[in-house]
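Welcome, and thanks for taking a look. Please have the sequence and the 3D view open side by side as you read.

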Amino acid sequence: MAEHPINCDCEECAEELVVTITLDDDSTIDCIVIATYPVNDQDYIALLPIEEDDGDDVLIFRYKELAEDEVEIDNIESEEEFQAASEEFEKLMEEIEDEEA
C-alpha cells in the first residue's frame, strides 16, 4: 500500500488501512480503520477488529494525529462522550449507506 495519512479518503486506503492497538492487558488486536471523524472539538476513530466472528463490534476511540505517520489513540472516559461519538458514527454510516443506494 502506498503511504497515506491515516485519515486519507482515497479508495486504496479505505480498503486496506489496518492498525494494531494494544489493550490494557497488553494483548494486541489488528483492526480495520472504518472512519475518522470529529465531534465538537475532538476527533474519533472507528475500528473493526479483524478477528471478530460476527463483524458487529466496532471500537471507538479518541484520535489525534501527532505527525504524518504517528497517531495517538485514547480511551473515551465518560459515558456522555461515548454516546456522542457513537451517535455521530451511526449518522456517518447512514450517510454512506444513503450515498451508495
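Below is a short briefing, going from the whole chain down to single residues.

This is a predicted model. The chain has two helices and five strands, and along the sequence they come in the pattern α-β-β-β-β-β-α. Of its 101 residues, 23% count as buried.

**The chain as a whole**

- The accessible surface comes to about 7200 Å², and carbon and sulfur atoms account for 41% of that surface.
- Among the contacts in the chain with a separation of 6 or more, 29% are between residues 24 or more positions apart.

**A salt bridge**

- The structure holds one salt bridge, and in it the side chains of arginine 62 and glutamate 81 meet at 2.7 Å, N to O.
- This pair links distant parts of the chain, with arginine 62 in strand S4 (residues 59-67) and glutamate 81 in helix H2 (residues 79-100), 19 residues apart.
- As background, side chains of opposite charge can pair when their charged atoms come close.

- Val18, Ile32 and Ile50 make a nonpolar surface patch of about 210 Å².
- To find one of its members, go to strand S2 (residues 28-39), where isoleucine 32 is located.
- Isoleucine 32 has a relative accessible area of 30%, so it is partly exposed.

**The second largest pocket**

- The second largest pocket holds about 160 Å³ of space.
- Its lining is made by Ile21, Thr22, Leu23, Asp24, Phe61, Ile73, Asp74 and Asn75.
- Strand S1 (18-22) and strand S5 (70-74) each supply at least two residues of this lining.

- Valine 58 sits in the loop between strand S3 (42-49) and S4.
- With a relative accessibility of 30%, valine 58 counts as partly exposed.
- Which residues does valine 58 touch, not counting those up to four places away in sequence? They are Ile34, Ala46, Leu47, Leu48 and Phe89.
- One of these, phenylalanine 89, is 31 residues from valine 58 along the chain, and their C-alpha atoms are separated by 9.9 Å.

**Two loop residues with positive phi**

- Aspartate 26 is not a glycine, yet it has a positive phi of about 70°.
- You can find aspartate 26 in the loop between S1 and S2.
- Is aspartate 26 buried or exposed? Its relative accessibility is 64%, so aspartate 26 counts as exposed.
- Asparagine 40 is likewise not a glycine and has a positive phi, here about 55°.
- The loop that holds asparagine 40 is the one between S2 and S3.
- Asparagine 40 counts as exposed too, because its relative accessibility of 74% is over 50%.

Terms used. Residues are numbered from 1 along each chain as its sequence is written. This is a predicted model: local features need pLDDT of at least 70, side-chain atom pairs count only at pLDDT 80 or more; totals for chains, interfaces and linings use all residues. Side-chain values use heavy atoms; hydrogens and water are left out. Patches are made of residues with over 30% relative accessible area and no salt bridge: like charges are joined within 9 Å, nonpolar side chains (Val, Leu, Ile, Met, Phe, Trp, Tyr) within 5 Å. Accessible areas come from the Shrake-Rupley method with a 1.4 Å probe; for residues, only the protein chains shown count as cover. A salt bridge is a side-chain nitrogen of Lys or Arg within 4 Å of a carboxyl oxygen of Asp or Glu. Helices (H or I, at least four residues) and strands (E, at least two) are DSSP runs, numbered from the N terminus. Buried means under 20% relative accessible area, exposed over 50%, partly exposed in between (1.4 Å probe, protein chains only). Contact means heavy atoms within 4.5 Å. On a 1 Å grid over the protein atoms alone, a cavity is a set of points where a 1.4 Å probe fits but cannot get out, and a pocket is an open set with protein on both sides within 12 Å along at least five of seven lines; lining residues have an atom within 4 Å of a point. Grid points are joined across faces, edges and corners, and a volume is the space filled by probe spheres set on the points.
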